[in-house]
Amino acid sequence: MTLSQASPSKLHQPSEIPVGEHLARRARALLVPHPFAAEMSKDQVASLLPEYLAMSQAFPHLQAGSQKDLIFDAIRRNRDLPRDVELTSVVANFICWDETGGHSRVLQGGNAALPSILDTENFHSKLFRTDASRLLGRAIQPNYSTTTSRYLRALYHGLSSRDPIVRCAYMVAFELHAAEMIQALWTTLVRTFDARTDDLEYFQVHVGGEDPAEKYHGEMTSRLISELVPADCNSRFLDEFDRAYGLSLEWCRNLVGIDSLDGDGRPEVEHSGRCHCGAVKFYVRAPAEISAVKCNCSICQMSGFLHMLVADDKLRIECGEERLTTYQFNKNIARHTFCRVCGVKPFYRPRSNPSGFSVNVRCLDKTTIESIRIDDFDGENWDLAIRSLQAD
């Protein structure tokens, strides 16, 4: 039974996860300092701002639209709308309403101001465009680069998950990260362009003044935790929260050039992976465009392992190392490591790269993968095949 199908009593078991400032401190521990707080030249900032504008423009609509498949699922099944979908939908819809200027209009003018919501110049992304264009001395357009497009697709994947714990984690993580991100960028823009803080309206609306909006966004989304996360799922929520927060943080790092490169000079991203049961979880740095190898040796044919070779320092085990068991055969060089619980081999020390790892691409989260190119390797004739590769 999925959480969305659970009884209301189970959904409303009190969560023990600390919310508010406690969860914000957990988030800040992942980013000290925020990448946008780094010293940047005007040229670096100028290349960052169109990417940020693209995110600001797309996010509220992705947030509101992320629940549509859940609604259609209820229609298809001819069933009542689950409470978890009601909760995440109303939060998503409000955030879109606020980001597109509707909430502030009604606060200022009451219901009589509703017709003025058609003035799209009050969209928060338009406020940001105005601020950025003024600082740069020229109009800017959104840049949906590969980095930003990949980030937005992965973000939507989390916000639209059928699992309410995942949806909740992505909503909370995005809003808590947004507060830190906006504040860091505001400080950097003021420093880099010698600007007045009061002149940047987008930042004043979100994190400035006496009653900033981001504080309420964070509180509103964090309240979902007590509604959607049962006490026995606290650990899983925090894992998903860290993963969602890391996704936004990785996007910011990539924009300011704090990303690493592989041996061919291609930018790397952090992929998350796990065994089937989730006892073993890991992260691996590799390009978003993955080069994988399909081997026809006896063990790879039986296990369906799809290889991605990485150096030792590219893989980090998050949890479950004690659950791994090692199997060796033939020349006893390769160290095949399997999860003792589910039997899946997420990575191992291969014969061809005993000081590094071969990662099973099938165990990686697909949201960070842009493409996979698969080459065949004749593992049945390993010595001859490896000599041919070395010659190449």
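These notebook entries record what I looked up in a predicted model.

**Conventions.** I worked with a predicted model in which local features need pLDDT of at least 70 and side-chain atom pairs count only at pLDDT 80 or more, while totals for chains, interfaces and linings use all residues. Residues are numbered from 1 along each chain as its sequence is written, and side-chain values use heavy atoms, with hydrogens and water left out.

**Entry: helix 9.** I took helices (H or I, at least four residues) and strands (E, at least two) as DSSP runs numbered from the N terminus. Helix 9 covers residues 164–193, which is 30 residues. I found 42 Å from its first C-alpha to its last, close to the expected 44 Å; the expected span is 1.5 Å times one less than the number of residues. I noted that 25 of the 30 residues of helix 9 are buried, so the helix is largely enclosed by the rest of the structure. Buried means under 20% relative accessible area, exposed over 50%, and partly exposed in between (1.4 Å probe, protein chains only).

I then looked at the two ends. At the N-terminal end, D163 caps helix 9, with a side-chain oxygen 2.9 Å from the backbone nitrogen of I165. Just after the helix, D194 takes a positive phi of about 50°.

**Entry: cysteines.** I located C295 in strand 3 (residues 289–295). C295 is buried, at 10% relative accessible area. Leaving aside residues up to four places away in sequence, C295 touches C300, Q301, H307, F377 and G379, where contact means heavy atoms within 4.5 Å. I also recorded that C295 and W382 are 87 residues apart in sequence, yet 9.6 Å apart in space, C-alpha to C-alpha.

How many disulfides are there? Taking a disulfide as a pair of cysteine sulfur atoms within 2.5 Å, I counted zero. For C295, the nearest cysteine sulfur is that of C297, 3.6 Å away. For C319, the nearest is that of C275, at 8.3 Å. C319 counts as partly exposed, at 28% relative accessibility.

**Entry: E99.** I placed E99 in helix 5 (residues 83–99).

Note on methods:
Polar contact = N/O pair within 3.5 Å; in protein donor to acceptor, adjacent residues only side chain to side chain.
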